[in-house]
Amino acid sequence: MRLEIRKYGDPILRVKGKPIETADERIRALAADMLETMHAANGVGLAAQQVGAALQMTVLDVSQVEDRPSTLTLNGAVVDDLTAAMPLVLLNPVLRLSEEKDSGTEGCLSFPDITAEIERALSVELEAETLEGEKIRIEASGLLSRALQHEADHLNGILFIDRMSSAAKASLSSKLKRLQKDTQRNL
Ligand code: ZN
């Protein structure tokens, strides 16, 4: 089932997600709905807050993006074919960021028609749990590294506008105010 994507201005986007202790039936159903919602919206990632649930769960799929490459190492093994490892459903992710930074264009399904250059760590290491209760270890660079950082931020109530330069945020300020107002009118 496709879920409504919460937009900027909805207070749920600022709520830190609760850790998930067991991936029960309800969590599995939510994960399936989040994947369907993300794919239908042509997104590369979606966090639980974006569909109204303040939980530590995110889904990602960068396998369809050809012009922005990613690398992925899963439990120590390099994944050559990203489609084989995607989509990812990650519970309770913990990230370690590289010192080296990289700037790139980012958008967010909660901010329609808004993109900005955001500086992020060039690569990440991540530990998380899967829906099957397994612990997994990921090393990623490229678009996947960026997407993992963007989604992990969502799980902590942090939005990509918080990471924009003040100049970029100022230039988007009227668009952001309008979006916030529209969202709050419809809450
Ligand atoms: Zn987002």
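**Fold, zinc site and local geometry of the predicted chain**

N42 lies in the loop between helix 1 and strand 1. Helices (H or I, at least four residues) and strands (E, at least two) are DSSP runs, numbered from the N terminus. N42 is not a glycine, yet has a positive phi of about 55°. Because its relative accessibility is 69%, N42 counts as exposed; exposed means over 50% relative accessible area, buried under 20%, and partly exposed in between (1.4 Å probe, protein chains only).

The model is predicted: local features need pLDDT of at least 70, side-chain atom pairs count only at pLDDT 80 or more, and totals for chains, interfaces and linings use all residues. Residues are numbered from 1 along each chain as its sequence is written, and side-chain values use heavy atoms, with hydrogens and water left out.

The chain contains five helices and nine strands. Their order from the N terminus is α-β-β-β-β-α-β-β-β-β-β-α-α-α. The radius of gyration is 16 Å, close to the 16 Å given by the globule rule for 187 residues, so the chain is as compact as a globular protein of that length. The radius is taken over C-alpha atoms, and the rule is 2.2 Å times the number of residues to the power 0.38. Along the principal axes, the C-alpha atoms fill a box of roughly 45 × 40 × 25 Å.

Of the 187 residues, 48% count as buried.

A zinc ion is coordinated by C108 (SG), H150 (NE2) and H154 (NE2), at 2.0 to 2.2 Å. Donors are N, O and S atoms within 2.8 Å of the metal (3.2 Å for Na, K and Ca); water is not among the atoms, so sites may look incomplete. Along the chain, the zinc donors follow the spacing C-x41-H-x3-H. Both histidines, H150 and H154, lie in helix 3 (residues 143–155). They are four residues apart, about one turn of the helix. H150 and H154 are both buried.

A47 lies in strand 1 (residues 45–47). With 0% relative accessibility, A47 counts as buried. Neighbours within four places in sequence aside, A47 is in contact with M34, M57, T58, E151, H154 and L155. A47 and D24 are 23 residues apart in sequence and 18 Å apart in space, C-alpha to C-alpha.

I5 lies in the segment before helix 1 (25–40). I5 counts as buried, at 13% relative accessibility. Residues up to four places away not counted, I5 touches T37, A41, Q50, L109 and S110. The C-alpha atoms of I5 and Q50 are separated by 5.5 Å, although the two residues are 45 apart along the chain.

M86 and P87 are joined by a cis peptide bond, with omega about -5°. P87 lies in the loop between helix 2 (82–85) and strand 5 (88–97). N75 is not a glycine but has a positive phi of about 50°. N75 sits in the loop between strand 3 (70–74) and strand 4 (77–78). Its relative accessible area is 42%, so N75 is partly exposed.

Key:
Contact means heavy atoms within 4.5 Å.
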